[in-house]
Amino acid sequence: MITVYSKPGCQPCKMAIRMIEGSGVDYEVIDITEDGDAYSYVKNGLGANSTPVIEWGEEVVYGFTPETKPHVRKLIELESAPTVHGDGVFQH
């Protein structure tokens, strides 16, 4: 699942969410102004000073700009790729 750390009034956040939402992959949006633990994680754990912060597993994209947009697309591709479980079953 892709996680978008966001805050109210953040235009780049809205644009990133729109892109992810349009792809049909699983995602969640966490408002860091309402979740103190998430705020601390983004600020101290990830070292981010602005939003959006877009995370998938160990992959993190900071911001949503023309330069970072391809990286967000890559996270979407990773999230939508089928996975193989130990029993050989593919799952989306």
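This is a predicted model: local features need pLDDT of at least 70, side-chain atom pairs count only at pLDDT 80 or more; totals for chains, interfaces and linings use all residues.
Local features need pLDDT of at least 70 and side-chain atom pairs count only at pLDDT 80 or more, while totals for chains, interfaces and linings use all residues. Residues are numbered from 1 along each chain as its sequence is written, and side-chain values use heavy atoms, with hydrogens and water left out.

**View A. The disulfide between Cys 10 and Cys 13.** The sulfurs sit 2.2 Å apart; a disulfide here is a pair of cysteine sulfur atoms within 2.5 Å. By that rule the count comes to one disulfide. The S-S torsion is about 80 degrees, so this disulfide is right-handed. Cys 10 and Cys 13 are both buried (under 20% relative accessible area; exposed is over 50%, partly exposed in between; 1.4 Å probe, protein chains only).

View B. Look for Asp 31 in strand 2, residues 27-31 (strands are DSSP runs of E, at least two residues, and helices of H or I, at least four, numbered from the N terminus).

**View C. Ser 80 in helix 3.** The helix covers residues 69-80. Ser 80 counts as partly exposed because its relative accessibility is 32%. Val 25 is 55 residues from Ser 80 in sequence, yet their C-alpha atoms are 6.0 Å apart.
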